[in-house]
Amino acid sequence: MYHAPLRELRFVLHELLGDERLAGLGGLGDYSADFADSVLDEAGKFAEEVLAPINRIGDSKGAQWTPDGVVMPPEFKSAWAKFVEGGWTQLRGSQEYGGQGAPNLLGIAVEELWASSNLAFKLCPMLTQGAIEAIDQVGTEHQKQKYLPKMISGEWTGTMNLTESQAGSDLAAIRTRAAPSGDHFKLIGQKIFITYGDHDYTSNVIHLVLARIDGAPAGTKGLSLFIVPKFLVNDDGTLGARNDVRCVSIEHKLGIHASPTCVLAYGDKDGAIGYLIGEANRGLEYMFIMMNAARLSVGLEGYALGERAYQQALEWSRNRVQGRPATQVRAAEGKPLPIAYHADVKRMLLTMKAYTDAARALALYTALQLDVAKHAAEDSIRTAAQSRGELLIPIVKAFATETGIAMTSLGIQVHGGMGFIEETGAAQHLRDVRIAAIYEGTTGIQASDLVGRKVARDGGATITALLTEMQAELAALKADDPTAARGKAAALEAITALGDATASVLKSYRQGAELALAIAVPYLMLSGLAIGGWLMAKSSAIAAQKSGSDQEFYRGKQQVARCYLEHVLPESLALSRIVASGAACVVEADAVLF
Ligand SMILES: Cc1cc2nc3c(=O)[nH]c(=O)nc-3n(C[C@H](O)[C@H](O)[C@H](O)COP(=O)(O)OP(=O)(O)OC[C@H]3O[C@@H](n4cnc5c(N)ncnc54)[C@H](O)[C@@H]3O)c2cc1C
């Protein structure tokens with residue numbers, strides 16, 4: 001049973017991040033906390049009533065390949081129809097083309113609900129949204145009119161085609177060819193691992209494909225981006241001939257069985273007709289428009305599944321009676337009690353909730369930066385928010401997914417042996433979330449993006465501005481009792497550790513990129529933990545000031561923040577030591593001796 005954590009989301013949106021200020025930004029005048037709440041209420045119902053009940057069905061039935069195309073479980077097909085009917089595909093699309101223009105902040109909050117309730121389902125709207133954003137930002141007016149209204153309405157879906165068998169993390173190795181042919185191009189090549197590359201939800205699928213125009217330079221500078229529809233689209237919007245792109249197989253995977261992962265063959269007959277989007281040879285830059293949005297959205301998958309696993313583990317721990325916990329429960333008097341009373345089970349549950357809350361706050365804070373970057377009136381505010389958002393995206397992507405994997409694994413541990421048995425459903429969450437640290441750029445790729453492009457490139461200016469702000473805010477936090485004082489000190493200590501680690505990364509980078517790359521993942525995890533510490537300390541301080549109704553919720557917030565600050569955050573000290581002195585042993589290790 002999944003319960004949409006609406007109160008948690010409202011806390012982060014309204015109380016921690018003060019989302020009302022979005023209404024003061026250009027283009028978001030209609031936004032209000034009440035509007036966000038009504039959207040979240042409806043999304044919560046959809047997630048609980050439509051998507052969660054078919055999550056197990058998707059896992060056991062999966063998508064099926066046939067020579068005529070991929071066939072989805074009927075329950076998924078009908079859920080897609082309801083999703084479209086409910087207008088959910090329109091939430092973030094531009095109003096000009098039939099969307100509702102909701103801010104990223106609300107979009108990310110809603111997507112958590114889709115991901116928790118049914119990750120395999122969530123991927124289709126996520127990739128469609130990425131394709132919509134790319135066409136919206138770089139397409140011609142004609143292309144926008146032709147594709148956007150039907151993609152935003154959910155009549156068609158979209159995909160993102162980067163990967164080839166020899167070109168995964170290294171996109172410079174892409175070989176798919178695009179031969180000029182009049183006003184369009186003919187694409188020839190094979191893409192692998194394409195999520196929702198084919199399905200029977202909709203009448204058309206719009207592929208966004210990275211390929212190399214004949215004669216273009218080698219490497220990423222020679223990649224262009226193309227729109228390749230499954231069915232060609234006539235000027236009046238009706239569907240024309242079947243294009244020369246086919247799904248030749250789908251993968252058998254550890255998880256997300258109902259998300260078809262397709263091998264797509266382009267141009268087996270005469271070449272697949274593709275339309276250049278934007279300028280030639282700037283394809284990777286455009287693809288990053290989709291990838292930034294998608295990386296944030298994949299990041300949320302980590303804590304969304306952490307939340308789902310937590311809910312399930314909590315319920316189990318309240319019902320499974322085992323042993324006599326060394327706890328004082330008056331009514332029990334030495335009788336066996338539910339495992340939720342064992343200190344170690346409490347530790348596991350608190351840890352799951354703590355990481356989930358911190359990652360959620362971090363992801364939503366990042367989404368807010370992207371909204372400010374897009375809509376603020378002043379140039380300087382927009383630029384600063386854009387840099388901060390870009391700094392945080394790899395941190396959210398990797399920190400939230402790596403910890404999501406650890407939390408879903410803890411969820412199994414709370415179940416004991418039954419966690420390992422598929423019947424309880426605890427294992428599906430771990431199997432499903434495992435991919436999130438791989439696709440859209442592995443954790444290693446996010447970490448090298450963080451230390452190279454986001455920290456070293458500007459000499460640490462963007463992260464230093466954030467560190468200074470966090471330090472000042474924490475220093476000003478009221479800490480009226482010893483617990484609050486300890487939490488504040490722990491959060492400040494982690495920020496100092498991150499500052500020292502940043503200086504050390506910058507120094508290593510100057511000495512040679514390899515030294516910095518060897519500790520890039522520990523540095524990224526330290527960043528996530530420490531920034532999470534700032535947000536959790538703020539959350540606790542906000543909760544401490546509340547009186548009146550909802551006391552139980554606010555006490556719960558303080559309890560979990562305390563656990564994060566006292567029990568989880570000290571790991572940042574170990575990570576900072578690894579960043580300071582753990583690189584040489586990796587760099588100097590001889591790969592031949594492995
Ligand atoms: C279920 C699923 C869905 C997917 N959906 C899509 C999709 O819709 N569209 C799409 O285009 N692709 C998709 N992918 C592909 C996915 O993005 C790639 O698998 C991923 O980027 C990693 O590439 P790779 O598998 O080739 O691994 P490799 O690049 O071979 O990486 C192997 C290991 O080497 C490390 N490594 C490689 N290069 C570096 C480096 N420079 N620095 C540090 N470490 C490095 C990686 O971190 C990893 O640990 C999907 C994959 C899966 C499994």
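## Strand β3, covered on both sides

Both faces of β3 are covered: W156, G158 and M160 are buried on one side, and T157, T159 and N161 are buried on the other. This is a predicted model, so read everything here as coming from a prediction. In a regular strand, side chains alternate between the two faces of the sheet. Six of the six residues of β3, which runs over residues 156-161, are buried, so the strand is largely enclosed by the rest of the structure.

The partner to look at is β6. The two strands, β3 and β6, pair in the parallel sense, with six bridges between them. Within that pairing, M160 stands opposite L208 of β6.

## Around the ligand

Which residues sit closest to the ligand? Of the 17 residues that surround it, the closest are T163, S169, F193, T195 and T442.

Some polar atoms come within reach too. A ligand oxygen lies 2.8 Å from a polar backbone atom of L162. On the side-chain end of things, T195 has an N or O atom 2.7 Å from a nitrogen of the ligand, and T442 has one 2.6 Å from a ligand oxygen.

## The loop between β5 and β6

Two residues are worth a stop in this loop. D198 is found there, between β5 (184-195) and β6 (204-213). Is D198 buried or exposed? With a relative accessible area of 5%, D198 is buried because that value falls under the 20% cut-off. The side chain of D198 reaches the backbone nitrogen of V70 at 2.9 Å, and it also makes a polar contact with the side chain of K230 at 2.8 Å. Setting aside neighbours within four places in sequence, D198 is in contact with G69, V70, K230, C247, P260 and C262.

Y196 has its place in the loop between β5 and β6 as well. Its relative accessible area is 0%, so Y196 counts as buried. Most residues other than glycine have a negative phi.

## Another positive phi

N281 also has a positive phi, about 70°, although it is not a glycine. You'll find N281 in the loop between β12 (272-277) and α8 (283-319). At 30% relative accessibility, N281 counts as partly exposed.

How far apart are the end C-alpha atoms of α9? Helix α9 covers residues 343-375, and at 1.5 Å a residue its 33 residues should span 48 Å; the end C-alpha atoms are 48 Å apart, which agrees.

The largest nonpolar core has 193 residues, and L113, W114, Y523 and Y564 are the ones that touch the most other members. The largest share of this core, 18 residues, comes from α9. Leaving out neighbours within four places in sequence, L113 is in contact with Y2, A4, P5, L6, L9, L40, A43, G44 and A47.

## G556 in α17

G556 is found in helix α17, which covers residues 551-568. With a relative accessible area of 30%, G556 is partly exposed. Between G556 and I108 there are 448 residues along the chain, counted as their separation, and their C-alpha atoms are separated by 24 Å.

Notes:
Residues numbered from 1 in each chain as written. Predicted model: local features only at pLDDT ≥ 70, side-chain atom pairs only at ≥ 80, totals over all residues. Heavy atoms only, no water. Helix = DSSP H or I, 4+ residues; strand = E, 2+ residues; numbered from the N terminus. Expected span 1.5 Å × (residues − 1). Buried < 20%, exposed > 50% of the residue type's maximum accessible area, 1.4 Å probe, protein only. Polar contact = N/O pair within 3.5 Å; in protein donor to acceptor, adjacent residues only side chain to side chain. Contact = heavy atoms within 4.5 Å. Core = buried A, V, L, I, M, F, W, Y, C linked by side-chain atoms within 4.5 Å. Pairing = 2+ DSSP bridges. Near = heavy atom within 4 Å.
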